[in-house]
Amino acid sequence: MRGIAAVPSYVVMQPTTLCNLDCVYCYLPLRAADRRMPLGVAEAVAASVNPWAASGRFSVVWHGGEPLAAGREHLAALLAPFGPAVEHHVQTNATLIDDAWCAFFVEHGIRVSVSVDGPRARNGERVTRGGRPAYDRILAGVAALRRHGLPFSALAVVSRPERGLATELYDYFLDLGCDVLGINIEETEGVNTRTNARDAAAVTGFWAELVGAWRRDPRIHLREIEWSLRYAGAVLAGTADDLLPRRLDPIPTVSHDGSVVVLSPELAGFTDPRYGDFSSGNVLTTPLAEILAGAGRTPWVGEFLTGVEACRSSCPYFGFCGGGHAANRYFELGRFDGTETEHCRNSKIRLLEGVLEHARDHESPAA
Ligand code: SF4
């Protein structure tokens, strides 16, 4: 895997910067402001995306802020330029989902992913602008999805991974009814400056326990665990080199104003004296396909690719990780050409160690 691909597998779109919640660990800098994406931005993105979708599976992920805070009318207008082959996803806090939103999801073929951190006691940091717990409103949104028979994914932030928590979380999500689950260990990024340095044994133990919980009842596609097991299987089969894509997926994030940040949505909305606003161009003046073709020339991206090569030559986990995320390097190390971060220790290295710990503890030796 070297360099950046010219065609992404999906695009992240920000219909509004606004979020109606104010979660303590949120990284978004403009979440109190309602800056809506003009229709011209969606039209410009669709001009590049529609041909990509015609030649293979392609997704647009509507992310915020809280994308539903843009309102159904505005979101429908933003969706309109995209052709029928484009798959749409929305990442939402679920608090605004009601029967009308469910009908909207059905009408537009939108797949929903809900942000919820587990049972009520684990959602203490998901709060409204007035500081009140959002949990009951999240569950009301999930209940509406279930009432309408809409399948949904869930995304949970875990701030304090430790033994004992993983089983509780997995059982909760089985009851919640999601069919896909992603687990994000809290990250130090954006406006969230809380440390994510964690005790190594506790994090490894969390992941090991999660493997066990999933194996007992693997009804949910558990993103991190399934990827780890696929990697472990490929190592045993001698095919691990084929797992990573040949080039990095640029994962363009198109901000509300049309500016494009590649590789890390979390960099959108920030500026730095050395790197400027991190953008590689604006779709209102340059086609998205052209922006991505030249993304490797964006100064910080070149520095990041140097960091990826440093990872390749120094880290035994590179084949699993592929070199980590740009935003974690920037927000933890202040630059892009470093290697290890607390994020990669928590979410890559200790994840793989947890899978191996589970295997050591549960597999009987070959006869
Ligand atoms: S685990 Fe960390 S150091 Fe290793 S390749 Fe990934 S980002 Fe680089």
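Q: By class, how many residues of the shell around the ligand are nonpolar, polar and charged?
A: This is a predicted model. The ligand is surrounded by Cys311, Cys315, Phe318, Cys321, Gly323, Gly324, Thr339, Glu340, Cys344 and Ile349. Gly counts as polar, and Cys as nonpolar. By class, the shell has six nonpolar, three polar and one charged.

Q: Which elements give two or more residues to the shell around the ligand?
A: The ligand sits in the largest cavity. Residues around the ligand include Phe318 and Cys321, and also Cys344 and Ile349. The elements that give two or more are α10 (318-321) and α12 (342-362).

Q: At what angle do helix α5 and helix α6 pack?
A: Helix α5 spans residues 165-176, and helix α6 spans residues 200-216. The crossing of α5 past α6 is right-handed. On the α5 side, the contact is made by Leu165, Ala166, Thr167, Leu169 and Tyr170. The axes lie 8 Å apart, at an angle of about 35°.

Q: Which residues does a cis peptide bond join?
A: Most peptide bonds are trans. Here omega is about 5° for a cis bond. The bond joins Gly64 and Gly65.

Q: What is the phi of Ala94?
A: Most residues other than glycine have a negative phi. Ala94 lies in the loop between β3 (86-92) and α3 (99-108). Its phi is positive, near 75°.

Key. Residues numbered from 1 in each chain as written. Predicted model: local features only at pLDDT ≥ 70, side-chain atom pairs only at ≥ 80, totals over all residues. Heavy atoms only, no water. Axes fitted to C-alpha atoms, helices over the stretch in contact; angles between N-to-C directions. Helix = DSSP H or I, 4+ residues; strand = E, 2+ residues; numbered from the N terminus. Left-handed = near helix turned anticlockwise from the far one by under 90°. Contact = heavy atoms within 4.5 Å. Near = heavy atom within 4 Å. 1 Å grid on protein atoms, 1.4 Å probe; cavity = no way out; pocket = protein on both sides within 12 Å on 5 of 7 lines; lining within 4 Å. Sits in = over half its atoms within 2 Å of the grid points.
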